[in-house]
Amino acid sequence: MSTTPTSSEASIHPQNENVLGPMDSEIQEMAHKNHNMGHQIAEAKDATDREHDISMTQILRLHKKAIAYSLIFSTSIIMEGYDTALMGSFFGFPPFQNRFGTETDMSPDEAAGAKIIAAGWQTAILIGAQTGQLIGLGFEGWIVEKIGFRKTMLGFLTLMAATILIPFFSPGIEMFLVGSLLEGIPWGAFQAISITYASDVAPVKLRPLLTTYTNLCWVLGQLIAAGVVMGLLNCENQWAYRVPFALQWVWIPPLVLAVLIAPESPWWLLRQKGIQAAEHSLRRLTSEDSKAIHNRAMMMQMTDEFEKSKKVEISYLACFQGIDLRRTENSIMAFVAQSWCGPVLISLAPQIYKRAGLNDSNTYSFNVGQSGLGALGTILSWFLMQYIGRRKIYLWGLSAMAINLALIGGLDFVQSGGAPWAIGILLMVYTFLYDLTVGPVCYCLVSEIPSSRLKIKTVAIARCFYNLTQIINSGLVPQMLSPNAWNWGPKTGLLFAGLCVVLYIWSYFRLVEPKGRTFGELDILFDKEVSARKFAAQEVSQFSDSNTKSAGDRGRDGEGQSGELMYQVSFDSELDSEFNSEH
């Protein structure tokens, strides 16, 4: 056989028997379709090494534009967090209760004739919003693949502006239900678009910050809602509940203008228009030199080619087939954990505080305080994720929240004047723990785990399951808290403490660790069916075979190990002749 180099095949020289990578046959299959494969692999490998070796200081300096555009898309979540918290607060808000209350409050501590929103109406309104989000998510995954992220976001922002009119002019509780359903449609779209776009434009080390910013936006929305409601507590006319809805219009015009000038996702452009369009988008997102941009685009193309070699079609059905089924399971359960570890108690906290015995002033003071702690927890999670894996943070968070929720539920059995204050403080601590761990880390996991070709659809499916669990929450939790229904009050914490234990068990055995991995490296780990508990420690190179190992070794949590990387590309003229004869 001749050893004259050609560009038909890339073969990898052995370096380490413990490194996972694609099989030689898979490299050869791609090489048969691309006569320039060897050079492209070398360029892609350079970009992969740069993803791992670049410092955070360099990332912040070179990727300022990517950060800015990602924050713009994610800021849409503030409106969702704001409106969700607003409605939860309104159920216990005296001006809203007096205008739209459907039942007389039978609690012995309340004044005679005081009104409340019936648990059935609370349930219907909350479920209406979740149903709307399911509709938005279902359409969003299909629309984005057709027309891109920018146009889809602009369309749903326009819809959001129109739907706000309904609760603003609502003459009765029935119209609030209609408004809740229709407003939910753009909320659902914002959820998937924001984290997927952030994941697409961010380098590996920046992904945790940009994807978890979504949670901060959610918390900021809750904080703004709590502050607005507290500021209008002494207002007794219709503007006490109309002004909070009207404030949502303030966000839309600047968001529309910002999205108009934002670049499209480079991954979407790669699939739809080719590598040159992806490179053009990358040039608008980064200040790196032309060679680094080209190599990064080549890394994206090699990842896309590998996924196509696995017959990954872009459809919802493909998310439940082959190795993508496990990725979809992880994404779904990450969101289910976020829903069933108890955060519904945060949005309905004013009712819990009241049921525990706090007056209106103290109730809404606690509500503002817990939102502030939530924001602090999210910011601290950015630093935590730089040093600790997502999986560990999830496990620690579920453990801590289980203990906290058990204490909240247990204290409701205590007949003491200090018990309501202790419950209030513990609920604030719970908010901090949630927004330090599961709350923000979920968005990072869901954006990293899916394959690049199925990401937008996997995120949409996972978020649909989240909304389904929220529908269950919305149907049951108001009944638990209402004094005219089950009247559990803070004892509801015991139920969610038990759910935290169940979710911990699933996470221990099934949740993978994507920290520090490129999308191509994650493809290899899932393709080789590495167990969840070994995911972090497994060394992997996107361009090596499990028997003929290359350099590019990656250690625990995906961080680089010492030693010179010895990657070589050789070419076989006999294979080149075979390639030419086939074509």
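Modeller: Happy to! Let's start with E305, which is partly exposed, with a relative accessible area of 29%; here buried means under 20% relative accessible area, exposed over 50%, and partly exposed in between (1.4 Å probe, protein chains only). K308 also counts as partly exposed, at 37% relative accessibility. The side chains of E305 and K308 meet in a salt bridge at 3.4 Å, N to O, where the term means a side-chain nitrogen of Lys or Arg within 4 Å of a carboxyl oxygen of Asp or Glu. Both residues lie in helix 16 (residues 290-309), three residues apart, about one turn of the helix; helices (H or I, at least four residues) are DSSP runs, numbered from the N terminus. Salt bridges that share partners join D304, E305, K308 and R453 into one network.

A word on the basis: this is a predicted model, in which local features need pLDDT of at least 70 and side-chain atom pairs count only at pLDDT 80 or more, while totals for chains, interfaces and linings use all residues. Residues are numbered from 1 along each chain as its sequence is written, and side-chain values use heavy atoms, with hydrogens and water left out.

A search of the whole structure finds 14 salt bridges.

Note on methods
Helices (H or I, at least four residues) and strands (E, at least two) are DSSP runs, numbered from the N terminus.
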